[in-house]
Amino acid sequence: NETSKNTLKEINLEEFIYKLKNYCYKDSETQFYATLADYYDKIEFKDSLIAQLEIFRSLDATNVFVYFRLIETYYSSNKWLKVVDICKDAKNIGLDDIRFNYFMGLAFYQMSDYENAKKNLESCLLSYVNDDFKYMVKGLLAEVYYKLGLFEFSDTLFEEVIKYNPNDLTARNNYAYYLAIREKRLNEAEDLSRYTIVREKNNASFFDTYAWILYKQGKYREAVKYIEKAIEIDKGNYVIWDHYGYI
C-alpha cells in the first residue's frame with residue numbers, strides 16, 4: 001500500500017505472492033486472488049485485475065464485495081455493458097442490494113438508453129435508502145428525465161437536489177445550462193450558475209454555462225469575458241469554442 005507503482009513492478013511482487021499461495025493462503029483461496037487483484041489494481045493492470053476478480057467470483061458467487069469491485073473496474077474502463085451484466089448476475093442469484101439497480105441505471109444512462117436508465121433509477125426510490133443515496137439517485141434521474149423531454153419532472157428533481165445540498169455545484173451547473181438551452185427562467189439560471197463560478201474558479205464547464213446564460217440574456221460583452229475564461233482553462237473543448245463563436 002505504501003510502495004509506488006513502478007517499484008512494485010520492479011520487485012516482481014506477483015512472483016512473491018504466488019510463492020506464498022500454499023503457505024499463507026492454503027485455507028483461504030479467495031483471499032489469495034483478492035491479494036493478487038489488489039496488486040494488479042495498484043500497478044494498473046486492469047485486465048489482470050478483472051481476471052483475478054472473476055476467479056474470486058467463481059469461488060464465492062455470493063460475495064457482494066467482488067461484484068462491486070468488478071463494477072468499479074468496468075465502469076472506470078467505460079465498459080457499460082459489462083457493468084449491466086455484472087449487476088444482472090448479482091440480482092439473478094438473489095443478492096439484494098439496491099445499488100445494483102443504481103449502477104445499471106448509471107450504465108444505461110451512459111449508453112443513452114434513457115428508458116432503461118429511468119426504470120432502474122426509479123426502482124431505487126421504491127426502497128428505504130438513506131438521504132445521501134436518495135438524492136444522488138434523484139440527481140441522475142433529473143438528467144434522465146431531461147434527456148427524455150420530461151422537463152417538469154427534471155426541474156422538480158434538480159430543485160429538490162439543490163435544496164438538499166446547496167453546494168452540489170454539478171447539479172446547479174447542469175440545471176442552469178438546461179434552463180438556458182430552453183430559454184426558461186434565465187434570471188434564476190444566472191443565479192444558479194454564478195454560485196458555481198464563485199466557488200470553483202478553475203472549472204471550464206461552469207464558466208461556459210455562465211457565459212451561455214449571459215448570451216441568452218443578450219449580455220454579449222459580459223458573456224465574452226466569461227467564455228474567454230472558460231477557454232483559458234480548457235483550450236481543447238469544442239463546445240466552448242462553439243459557444244465562443246456564437247457570442
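Q: Where does glutamate 44 lie?
A: Glutamate 44 sits in the loop between H4 and H5. Those names are for helices, DSSP runs of H or I with at least four residues, numbered from the N terminus; strands are runs of E with at least two.

Q: What kind of model is this, and how are its residues numbered?
A: It is a predicted model, with residues numbered from 1 along each chain as its sequence is written. Local features need pLDDT of at least 70, side-chain atom pairs count only at pLDDT 80 or more, totals for chains, interfaces and linings use all residues, and side-chain values use heavy atoms, with hydrogens and water left out.

Q: What pLDDT does the chain average?
A: The average is 92, and 99% of the residues score at least 70. pLDDT is the predictor's confidence in each residue, from 0 to 100.

Q: Why is glutamate 44 called exposed?
A: Exposed means over 50% relative accessible area, buried means under 20%, and partly exposed is in between (1.4 Å probe, protein chains only). Glutamate 44 has a relative accessible area of 56%, so it counts as exposed.

Q: What is the phi of glutamate 44?
A: Its phi is positive, about 65°, although glutamate 44 is not a glycine. Most residues other than glycine have a negative phi. Glutamate 183 also has a positive phi, near 55°, and it lies in the loop between helix H12 (169-182) and helix H13 (186-199).

Q: How many helices and strands does the chain have?
A: There are 16 helices and 0 strands.

Q: How do you know that the chain is more spread out than a compact globule?
A: Its radius of gyration, taken over C-alpha atoms, is 23 Å. Along its principal axes, the C-alpha trace spans about 70 × 45 × 25 Å.

Q: What makes the buried residues of H5 line one face of the helix?
A: The buried residues are Leu49, Ile50, Gln52, Leu53, Phe56 and Arg57. Seen down the axis of H5, they fall within an arc of 165°, so they line one face. That arc is the one of the directions from the helix axis to the C-beta atoms. On the other side, Asp47 and Ser58 are exposed. The buried residues pack against helix H4 (29-42), helix H6 (64-76) and helix H7 (80-92).

Q: Which residues of H15 are buried?
A: They are Ala223, Tyr226, Ile227, Ala230 and Ile231. They cover an arc of only 150° around the axis, which puts them on the same side of H15. The face turned away carries the exposed residues Arg221, Lys225 and Glu232.

Q: What does tyrosine 102 touch?
A: Not counting residues up to four places away in sequence, tyrosine 102 touches Leu121, Cys124, Phe133, Met136, Val137 and Leu140. Contact means heavy atoms within 4.5 Å.

Key: The radius of gyration is taken over C-alpha atoms; the globule rule is 2.2 Å times the number of residues to the power 0.38.
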